[in-house]
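This report concerns strand pairing, charged contacts and aromatic contacts in one protein model. The structure is shown first, and the account follows.

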Amino acid sequence: MRSLKTKLLSLAMIALAAMASAQDIKTEAVTTIPEEIASDLLGIRVHKEKAFVMANSGKYIVVDLNNGNVMSYKLDVTDMADYDVVAGKIIYLDKQGIIGGHCFQKWSKGPYEALRIDACDQGAVLSGGSSAYFLNRNATATFEIRDMPFVLPIEKGFAWSMSVGDDKRWEANLYDLYGNMMSKVYKFSEYFEPSNVEIGPENSDGDLLVSATEDNARTLALIGNNGRMFWKLNVSRKLCPRDVAFDNKNKLLLLQKNEKGEVILDRLTFTVPEG
C-alpha cells in the first residue's frame with residue numbers, strides 16, 4: 001500500500017511539474033541597472049508605479065515602471081542591511097541594527113538583532129534574528145515577538161509567518177503583530193523539504209510570496225490567504241537579498257542577469273493552468 005501511495009504521489013508531482021513547465025513565461029526588460037548599483041546590489045522595493053532599486057552603499061535608483069525612466073539618489077548611509085518604502089520615502093536598517101530614514105522620532109533606533117525591515121500601515125517589523133520586533137506607529141515601546149524569525153506584516157494588523165508544524169510539515173499562517181495565531185492558512189506537502197526559505201513580499205491582495213531552494217533549484221510560490229497555492233515557478237538563482245517584488249498590477253518583478261552579465265529588472269508574465 002505504501003509503495004502504491006508513493007508511486008501515485010510521484011506521478012502527481014510529475015504531472016504538476018509538467019503543468020508548471022507548460023506555463024508560458026514571458027520576460028519584459030523594464031530597465032538595465034547601472035553598474036554602480038548592480039555591483040553592490042541590495043534589492044528592489046515598489047511603491048505605486050515606482051521601483052526603488054538599492055545598493056548596500058545607500059546609492060539607489062527610482063525606476064518608472066510605466067516607461068523605464070530612471071532617476072539616481074544617495075542616502076547618507078554606507079552599510080545598508082535592508083530597506084522599505086513608506087509614502088515614497090526610504091526607511092532602512094543598517095548592518096549595526098540601527099533604523100533610520102522615514103521613521104517615527106519616538107521609535108527606539110536600536111540596535112536590534114535583525115536583518116530585515118518591513119513597513120506596514122501599523123508601523124514596521126524588524127526580523128531575521130531569533131525574535132522579531134514590532135514598532136507600532138502609535139507607541140514608543142518596541143514589542144518583541146519571540147520565536148518567530150519569519151514575520152511579514154500586511155494590512156490591518158496582520159502578518160504572515162512560516163514554521164514547521166508538529167507533523168514536520170511547513171505551514172504558512174496568519175498572526176497578529178503581537179505573535180498571536182489568527183488563522184491557519186496553508187500546509188505544504190510532506191515532500192516540501194526546502195532550504196533558504198524566505199517570505200515576502202506580499203502582493204496587493206495580501207497573498208504571500210515564498211522563496212526557497214528545492215532540489216538545488218530556486219522556486220517562487222504564491223500562497224493565497226484563502227488557503228490555495230496559486231502558482232509555483234522555477235526562477236534564476238538569487239542575485240541579492242531582495243531580488244523580487246510585485247508591481248502595482250501584481251505582475252512579478254525580478255532582478256536577474258542577462259546573457260551579457262548585465263543586471264536587468266525584468267517583469268514576468270505567465271499563464272497559470274486552471275484546476
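Aspartate 64 counts as buried because its relative accessibility is 15%; buried means under 20% relative accessible area, exposed over 50%, and partly exposed in between, with a 1.4 Å probe and protein chains only. Aspartate 64 forms a salt bridge with lysine 50, with 3.3 Å between the closest N and O atoms. Aspartate 64 belongs to strand E4 and lysine 50 to strand E3, so the contact ties together parts that are 14 residues apart in sequence. Lysine 50, at 35% relative accessibility, counts as partly exposed.

The model is predicted: local features need pLDDT of at least 70, side-chain atom pairs count only at pLDDT 80 or more, and totals for chains, interfaces and linings use all residues. Residues are numbered from 1 along each chain as its sequence is written, and side-chain values use heavy atoms, with hydrogens and water left out.

Strands (E, at least two residues) and helices (H or I, at least four) are DSSP runs numbered from the N terminus. Two strands pair if DSSP finds at least two bridges between them. Strand E2 (residues 41-47) runs antiparallel to E3, and 6 bridges join them. In this pairing, histidine 47 stands opposite lysine 50. E2 and E3 form a hairpin with 2 residues between them, and lysine 48 in the turn has a positive phi of about 55°.

E3 also pairs with strand E4 (residues 59-64) in the antiparallel sense, over 5 bridges. Here valine 53 stands opposite isoleucine 61 in E4. The hairpin of E3 and E4 has 3 residues between the strands, and glycine 58 takes a positive phi near 95°.

**Salt bridges**

A salt bridge is a side-chain nitrogen of Lys or Arg within 4 Å of a carboxyl oxygen of Asp or Glu. The whole structure holds 16 salt bridges, including those in the table.

| Salt bridge | N to O distance |
|---|---|
| Arginine 45 and aspartate 84 | 3.5 Å |
| Aspartate 64 and lysine 50 | 3.3 Å |
| Glutamate 214 and lysine 232 | 2.9 Å |

Glutamate 214 and lysine 232 form a salt bridge that links distant parts of the chain, with glutamate 214 in strand E18 (residues 208-214) and lysine 232 in strand E20 (residues 229-235), 18 residues apart. Glutamate 214 is buried, at a relative accessible area of 15%, whereas lysine 232 is partly exposed, at 29% relative accessibility.

Arginine 45 and aspartate 84 are both buried. A network of salt bridges links Arg45, Asp82, Asp84, Asp118 and Arg242.

**Aromatic contacts**

Rings of Phe, Tyr and Trp (its six-membered ring) pair if their centres lie within 6.5 Å; planes under 30 degrees apart count as stacked, over 60 as edge-to-face and the rest as tilted. By this rule there are 10 aromatic pairs. Tyrosine 186 and phenylalanine 188 are edge-to-face because their ring centres are 4.9 Å apart and their planes lie at 90°. Both of these residues, tyrosine 186 and phenylalanine 188, are buried. Phenylalanine 188 and phenylalanine 192 form a stacked pair, 4.4 Å centre to centre with 15° between the planes. Phenylalanine 192 counts as buried at 7% relative accessibility, and phenylalanine 188 at 3%.
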